[in-house]
Every structure is written in C-alpha cells, then in structure tokens.
Amino acid sequence: RHSVIYLLGRLVPSIVSLYAIALYTRILTPEQYGHYALVIAGVGVINGVCFQWLSFSISRFLPIHKNQPAVLLSTALIGFLMLVVITGVFGGMLAWLWPDKLLRWPIMLTVIVCWAQAWFDLNLRIVNIRLAPALYGFLTSFKALIAISLGAALFYLDLGIYGIFLGLIISLFIATLFVWKHWDAFAIRHHDVRLLRNLIGYGA
C-alpha cells in the first residue's frame, strides 16, 4: 500500500522535472542554462558528500529513539547547522578566490541552494521514517509545483536565472513548514556529543 503511494508521490515531481527541462531550455540562453546545470550539479555533489550522511544516520537511529526523539533531533539539527557554517565558510572562500568573477555568484548560489535542498531532504527523511507516505508525496509534489511556477514567474519579472533559483529555494523552505512540528522538541540542552559522534561514524 505504501509503495503505491510513494510511486504516485514520485510521479508528479518527475513529470514536473521533465517539463522544467523543456521550459528552461526554451527561455534561458545557452550560457544561462549552462550556469543552471552547473549549479544543480554542484548542489548534488555538495549535498551528497556533506549532508546526506546525516539523513542516513537519522534513518538508522530515529527508530531507536522513537519514544524520546528530542535528543536525537536536537543533536541532528545542531549537526546540520554546523555543516551549514562549514560549507558556507568554504564556499565563501572558494567564491572569493575564484579567478573568473562571472562564476563567483553561481558558486555562492550553489551553496545556498544546497542548504535549502539538504534541509528539505532531512525533513523528508523524517517523514519517510515515520511512515507517512501521503505526506511524503504531498511535500515532493508541492515543492516541485511551487519551484517551477514561482521560478518561471520571477524569471519573467526580470530576475533572470536568479529568479529560477530563488523560486527553488523558496519552494524548498515553504514545503518544510508543513512538518515544522517535528522540531518542536528541539533544545540545545538535549544536544548529545556522544550521539553526534555516533551519527558521524555511521554516516562515514
């Protein structure tokens, strides 16, 4: 039963992604589309290397802490914020040192989009662990529809390619508002250094 719901939840974003390719190749210049593709590829690499391990670790440890999730989620959120700071510092340094000035903004944009994507993926993983396939499908579909519609609207409002990325960032953050209750128990005092080491070890 869940498999069918997850399939439908994947179907809508896949259709929207296919339409987005057709739309963006039509409205963007070759140079703009090259920057778009470069940013999206960069987001995939940074997210895969720097953030996805945290989602995998939560998949492993949240079922164990399902009766007392506050410690795990607080530790995971602090770990996520640490990753944001680390990637922000390195991304800023890379953009500042990059010899081609035209690519400095795309580098910083890659980091910002990566933060939004990683935050969305983290929340989506929690929804997945808690066996809420309908909510999972709604979040993925909602994000995809808002990203393409808002991005295209901002593009035509003279924001250009930055409007497309702004629409994507906004859609990723808005979608997570529907599951904000997962973090109600967050408190710095719940942070567990030993648990964070376990998350890092499993993620590695």
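This is a predicted model: local features need pLDDT of at least 70, side-chain atom pairs count only at pLDDT 80 or more; totals for chains, interfaces and linings use all residues.

Analyst: First, a term. A pocket is an open set of grid points with protein on both sides within 12 Å along at least five of seven lines. The second largest pocket holds about 310 Å³ of space.

User: Which elements line the second largest pocket? Which one gives the most?

Analyst: Helix 2, helix 3 (69-97) and helix 4 each give two or more residues to that lining. Helix 2 gives the most, with six residues. By class, the lining has 12 nonpolar, four polar and no charged residues.

User: How much space lies in the largest pocket, and which residues are closest to its centre?

Analyst: The largest pocket has about 920 Å³ of space. It is lined by 34 residues, and S17, Q117, F120, K143 and L168 are the closest to the centre. Helix 1 (2-27), helix 2 (30-61), helix 4 (104-129) and helix 5 each give two or more residues. The classes in this lining are 20 nonpolar, 10 polar and four charged.

User: Why is the pair of Y24 and Y36 called edge-to-face?

Analyst: Two values decide it. The ring centres of Y24 and Y36 are 5.2 Å apart, and the cut-off for a pair is 6.5 Å. Their planes stand at 65 degrees. Planes over 60 degrees apart count as edge-to-face, so the label holds.

User: What does the pair of Y24 and Y36 tie together?

Analyst: Y24 belongs to helix 1 and Y36 to helix 2, so the pair ties together parts 12 residues apart in sequence.

User: How do you know whether Y24 and Y36 are buried or exposed?

Analyst: Buried means under 20% relative accessible area. Y24 has 4%, so Y24 is buried. Y36 has 16%, so Y36 counts as buried too.

User: What makes F142 and F178 an edge-to-face pair?

Analyst: Their ring centres lie 5.2 Å apart and their planes meet at 80 degrees, so this pair is edge-to-face. F142 sits in helix 5 and F178 in the loop between helix 5 and helix 6 (193-203), so the pair ties together parts 36 residues apart in sequence.

User: Why is F178 called partly exposed?

Analyst: F178 has a relative accessible area of 41%. Partly exposed lies between the 20% limit for buried and the 50% limit for exposed, so the label follows.

User: How many aromatic pairs does the whole structure have, and which residues do ring pairs link into a cluster?

Analyst: A search of the whole structure finds 13 aromatic pairs. Ring pairs link F51, F80, W119, W180 and W183 into a cluster.

User: What makes R60 lie over the face of F61?

Analyst: R60 is at 5.5 Å from the ring centre of F61. The distance limit is 6 Å, with a second limit of 35 degrees from the ring normal.

User: Why is P13 called buried, and what is P13 in contact with?

Analyst: P13 lies in helix 1. Its relative accessibility is 15%, so P13 counts as buried. Leaving aside neighbours within four places in sequence, P13 is in contact with T140, S141 and A144.

User: Is I169 buried or exposed, and why?

Analyst: I169 is found in helix 5 (residues 133-176). Its relative accessible area is 12%, so I169 is buried. Beyond neighbours within four places in sequence, I169 is in contact with I112, V113 and A116.

Terms used: Residues are numbered from 1 along each chain as its sequence is written. Side-chain values use heavy atoms; hydrogens and water are left out. Helices (H or I, at least four residues) and strands (E, at least two) are DSSP runs, numbered from the N terminus. Buried means under 20% relative accessible area, exposed over 50%, partly exposed in between (1.4 Å probe, protein chains only). Contact means heavy atoms within 4.5 Å. On a 1 Å grid over the protein atoms alone, a cavity is a set of points where a 1.4 Å probe fits but cannot get out, and a pocket is an open set with protein on both sides within 12 Å along at least five of seven lines; lining residues have an atom within 4 Å of a point. Grid points are joined across faces, edges and corners, and a volume is the space filled by probe spheres set on the points. Ala, Val, Leu, Ile, Met, Phe, Trp, Tyr, Cys and Pro count as nonpolar, Asp, Glu, Lys and Arg as charged, and the others, Gly among them, as polar. Rings of Phe, Tyr and Trp (its six-membered ring) pair if their centres lie within 6.5 Å; planes under 30 degrees apart count as stacked, over 60 as edge-to-face and the rest as tilted.
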